[in-house]
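Colleague: Before I rely on the labels attached to this model, I would like to hear how each of them was reached.

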Amino acid sequence: NCCKTTSPIFYQRDIERASKALKLKPGGFIEKYLRIDEDQDFVLQQAPCPFLNTDNYCSIYNERPNACREYPHTNRKKMQQILDLTFKNTLVCPAVLKITEEIRKKLEV
């Protein structure tokens, strides 16, 4: 669901890795797929992700951005630093919702 509704941030190393996989120059990759958002980060121009195939597999999986590799960010040692992001992810990702519900149950004991 994340690939259909949200965009990862693309850092320079992500752009270089993905553009190489697609046999594009980084500038061409940016022009074709990315835009700058309100936080001045590179993100996808559109949703769903243009690299999501009809079979729901990522066509650049081995070269996907670091944000995709780390999603849904629930295995961080200091997850409390990104609680606002985690809350937003509960609205998109059923796994994040389940994890946060389990955490809440444990804290209620």
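This is a predicted model: local features need pLDDT of at least 70, side-chain atom pairs count only at pLDDT 80 or more; totals for chains, interfaces and linings use all residues.

Modeller: Along its principal axes the C-alpha trace spans about 55 × 30 × 20 Å, and buried residues make up 26% of the 109 residues.

Colleague: What makes the largest nonpolar core a core, and which residues make it up?

Modeller: The label asks for buried residues of nonpolar kinds that are joined through side-chain atoms within 4.5 Å. Phe 10, Ile 15, Ala 18, Phe 29, Tyr 33, Leu 34, Leu 44, Cys 49, Phe 51 and Ile 60 make up the largest such set, 10 residues in all. The elements that give two or more residues to this core are helix 2, residues 12–21, and helix 3, residues 26–33. In soluble globular proteins, nonpolar side chains tend to be buried together.

Colleague: Which residues does Leu 34 touch, leaving aside residues up to four places away in sequence?

Modeller: With that exclusion, Leu 34 touches Phe 10, Ile 15, Phe 29, Phe 42, Val 43, Leu 44 and Gln 45.

Colleague: How do you know that the buried residues of helix 2 line one face of the helix?

Modeller: The buried residues in helix 2 are Asp 14, Ile 15, Ala 18 and Ser 19. Seen down the axis of helix 2, these buried residues fall within an arc of 120°, so they line one face of the helix. What covers them includes helix 3, strand 1 (34–36), strand 2 (42–44) and helix 4 (66–70).

Colleague: What is noted about the phi of Lys 23 and the phi of Asn 56?

Modeller: Phi of Lys 23 is near 60°, a positive value in a residue other than glycine, and Asn 56, also not a glycine, has a positive phi of about 65°. Most residues other than glycine have a negative phi, and most peptide bonds are trans.

Colleague: Where is there a cis peptide bond?

Modeller: The bond from Ala 47 to Pro 48 is cis, with omega near 0°, and Pro 48 lies in the loop between strand 2 and helix 4.

Colleague: What makes Ile 99, Ile 103 and Leu 107 a patch on the surface?

Modeller: A nonpolar patch needs residues with over 30% relative accessible area whose side chains are joined within 5 Å. Leu 107, in helix 6 (residues 94–108), has a relative accessible area of 68%, so it passes that cut-off and is also exposed. Ile 99, Ile 103 and Leu 107 form the patch, with about 270 Å² of accessible area together. The accessible surface of the protein comes to about 7,900 Å², of which 53% belongs to carbon and sulfur atoms.

Terms used
Residues are numbered from 1 along each chain as its sequence is written. Side-chain values use heavy atoms; hydrogens and water are left out. Buried means under 20% relative accessible area, exposed over 50%, partly exposed in between (1.4 Å probe, protein chains only). Helices (H or I, at least four residues) and strands (E, at least two) are DSSP runs, numbered from the N terminus. Contact means heavy atoms within 4.5 Å. The arc is that of the directions from the helix axis to the C-beta atoms. Patches are made of residues with over 30% relative accessible area and no salt bridge: like charges are joined within 9 Å, nonpolar side chains (Val, Leu, Ile, Met, Phe, Trp, Tyr) within 5 Å. Accessible areas come from the Shrake-Rupley method with a 1.4 Å probe; for residues, only the protein chains shown count as cover. A salt bridge is a side-chain nitrogen of Lys or Arg within 4 Å of a carboxyl oxygen of Asp or Glu.
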